[in-house]
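These are my notebook entries on a single model.

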Amino acid sequence: TSPPGAYSERRNIAADRVVKLPEFVDDETGAAVMLKGMTVRMLLRSAFHVEKGQRLLVHAAAGGVGSLLVPWAKSLGAHVIAVVSTDEKAARVRELGAEHVIVTAREKILDRVNAITNGAGVHVVYDSVGKDTFDVSLECLTTRGMLVTFGQSSGAIPPLDLGRLAKKSLFLTRPSVVAYTSTRAELLASAADVFDALRKGVIASPVEQRYPLSEARRAHADLEGRRTQGATVLLP
């Protein structure tokens, strides 16, 4: 949520931005899944409406958002190609339902995508990495495919010549979950879909690491060092 102050033991939030957790969702899961889950719901159902049989490329697939996006996309009948940095993370995303996994430590993303799709490319790329992967993400798309860029962990994307999209009539969007939950009705509908996915077992709690709030600095260092998987929570 948008007001500052998340790294605290207590916090004031406007009542119309609060969602009550169902009894089957504990506090850790709620902390880890709400923003990430609503982001995934936006990515799969709003920014790009995934249909059965479509091919998806997911960067950072073992991360907090990726670990929810992969199984949710799989439940919709999509073919998921996951991109990760290590073999350990590759094993994790296979468990989550990815059909194909690309390990960037030893594989080139475009070469593998072309091999997997017989040169056809993918219908959508979900890219939270930004600067380092933007160019290859565009190259991996099929004709009239869409690049959904929703983060920039590697840095900001440089200015773009829109003519680059013309060759294959590509679509490009930079969505924000805040814009897709700006009204109370949108917020409740999005949260309800996340809770439904949890209840049905489509997604599970993504918590993989826990740190005391006093060790927030170490948590950030581990995130920056790519030593984490899934979601990380700070415990007061």
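How many of the ten residues of α2 are buried? I worked on a predicted model, in which local features need pLDDT of at least 70 and side-chain atom pairs count only at pLDDT 80 or more, while totals for chains, interfaces and linings use all residues. Residues are numbered from 1 along each chain as its sequence is written, and side-chain values use heavy atoms, with hydrogens and water left out.

**Entry: helix α2.** I found eight of the ten residues of α2 to be buried, so the helix is largely enclosed by the rest of the structure. Buried means under 20% relative accessible area, exposed over 50%, and partly exposed in between (1.4 Å probe, protein chains only). The buried residues are G66, S67, L68, L69, V70, P71, W72 and A73. I then looked up what covers them, and the list includes α1, β1, β2, α3 (87-96), β4 and α7 (184-199). Helices (H or I, at least four residues) and strands (E, at least two) are DSSP runs, numbered from the N terminus. Just after α2, I noted a positive phi of about 90° at G77.

**Entry: the sheet.** I traced an open sheet of six strands with parallel pairing, in the order β3-β2-β1-β4-β5-β6. β3 (100-103) and β6 (171-173) each have a single partner strand and stand at the edges, so one side of each lacks a neighbour in the sheet. From one strand to the next the twist averages 15°. Two strands pair if DSSP finds at least two bridges between them; β4 (residues 122-127) and β5 (residues 141-149) pair in the parallel sense over five bridges. In this pair I saw V122 opposite L141 of β5.

**Entry: helices on the sheet.** Helix α1 (residues 27-47) packs on the sheet and touches β1 (55-58), β4 and β5, where contact means heavy atoms within 4.5 Å. The direction of α1 makes about 145° with that of β5. Axes are lines fitted to C-alpha atoms, for helices over the stretch in contact, and angles run from 0 to 180 degrees between N-to-C directions. Helix α2 (residues 66-75) also packs on the sheet, touching β1, β2 (79-84) and β4, and its direction makes about 165° with that of β2.

**Entry: S190.** I located S190 in helix α7. S190 counts as buried, at 1% relative accessibility. Setting aside neighbours within four places in sequence, I listed its contacts as M38, R41 and T181.
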